[in-house]
Each structure stands twice: as structure tokens, then as C-alpha cells.
Amino acid sequence: MKSHPLHVFATLTAALATLSLAACSHGLDKAPRPDRQTDPAADLQTAPRPVLKAMPQPDSGSNSGPTESPSPSTGPSLVRTPVEEAMFGQLLPGANVSFVYGGVGLGVPTAQVARLDAGVSFGRHIHTGDYHAVVIEGNFQHWEDGEPDQGPVMMAGSTFFQAGGVPHYDACLGPETCVVYVYFPVSADFEFVPAE
């Protein structure tokens, strides 16, 4: 029996958000890199708990931006947003996002679900911090300068890590919309940069 795509999307998004919140609340804000040795136990003892932010809920009648959200330790034990109730707003032409928490340019950890129109591509750009992404739906490409053929085509279930400060490109090849879950452990921002 085949699962409905919206059910798969909602289930995967909820699971990834839970993992992101757990990692964020435990100070695991950097991806392990082969060139960096880390002591997770030390990180757990010294990391401050971040203040989480989220988009207003659909019944608030407002899409004016991020608002305070209860912290995991004092808020409700369960918060869920069915995909049909998620509030998507345009970030760039051809790219709409729904924030699980955080927001672009706020300097806080951010998790978002991005919907990219079929055929849209984003030129050379950077983000200050590292991020992790999971392709939920569509045929997506993500590549850095010097990669032949714009890297492999990534379909549902594909993942990638992008280090901060490194120029890269994105494209949704179509024919369907691309849906990508993106987690910024420190903060979310972007800047288009000219070719060298």
C-alpha cells in the first residue's frame, strides 16, 4: 500500500522538527566534520538553551512575521501543524517557506520547509552559518563552484550539508514542485554573491 505524499511529508517534517529541536536544545549546533574533533558530553553541559520562535498560527489572522513560542520546557507537550494549515510566505520569487521555528535574519536557530517552483533556480549565494537539508519531494540540485553537471539530482529522502560562507547554487528541476526541509543550527540568512 502506497502512502499519500502529504502524509509522508507531514510525518517526515514532524520527525525532522523533533530531531532539530532536540539537537538545538542540547547545544549540538554544529555538524560533525571530519577535520574537527568534538566532545558531545562537554557540549551538553555548557550549551545555553536557545529561545525558539515560530510563525503565528493560522487562526491568528496575521502573517506579519515570527512571534515568541513557548520554550520546550514550559510550553505544551505537543504542537503540530498539518501541512494544509502551514503558513507559507514568499521568501524569493519561486520560493515560499513555512517556518517550523526561527526566521531569516533573526540570528536564531531556524527550521523551515521550503517549496520551490518547478524550473526555479537560485544563482550563486552564501549563508553565514552551516545548514542541513532533506529533500521531501521533487528533483532538486544543490552544488558549489567547480562541480561538473551541477551535482547529482536529489529526490525525496536525499540529504545534504552545506558549510556556511561557501558559495553555492540551487535548482528545482521539475516537473513537480520541490519541497525541502532546511535546518540552520545557529541562524538563517542569505546573500547573493557575484562570480569571481
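Two rings of Phe, Tyr or Trp (its six-membered ring) form an aromatic pair if their centres lie within 6.5 Å, and the pair is stacked with planes under 30 degrees apart, edge-to-face with planes over 60 degrees apart, and tilted for the rest. The model is predicted, so local features need pLDDT of at least 70 and side-chain atom pairs count only at pLDDT 80 or more, while totals for chains, interfaces and linings use all residues. Residues are numbered from 1 along each chain as its sequence is written, and side-chain values use heavy atoms, with hydrogens and water left out.

**Exercise 1.** Classify the ring pair of Y131 and F160, and state which strands it joins.

*Solution.* A search of the whole structure gives 5 aromatic pairs. In the pair of Y131 and F160, the ring centres are 6.0 Å apart and the planes stand at 75 degrees, so the geometry is edge-to-face. Y131 belongs to strand β7 (residues 131–137) and F160 to strand β9 (residues 159–162), so the contact ties together parts 29 residues apart in sequence.

**Exercise 2.** Determine whether Y131 and F160 are buried or exposed.

*Solution.* Buried means under 20% relative accessible area, exposed over 50%, and partly exposed in between (1.4 Å probe, protein chains only). Y131, at 4% relative accessibility, is therefore buried, and F160, at 12%, is buried too.

**Exercise 3.** Describe how F140 pairs with F160, and which cluster contains them.

*Solution.* The rings of F140 and F160 are stacked, at 6.0 Å centre to centre with 15 degrees between the planes. F140 lies in strand β8 (residues 140–144), so its pairing with F160 in strand β9 ties together parts 20 residues apart in sequence. Finally, ring pairs link Y131, F140, F160 and F184 into a cluster.

Methods: Helices (H or I, at least four residues) and strands (E, at least two) are DSSP runs, numbered from the N terminus.
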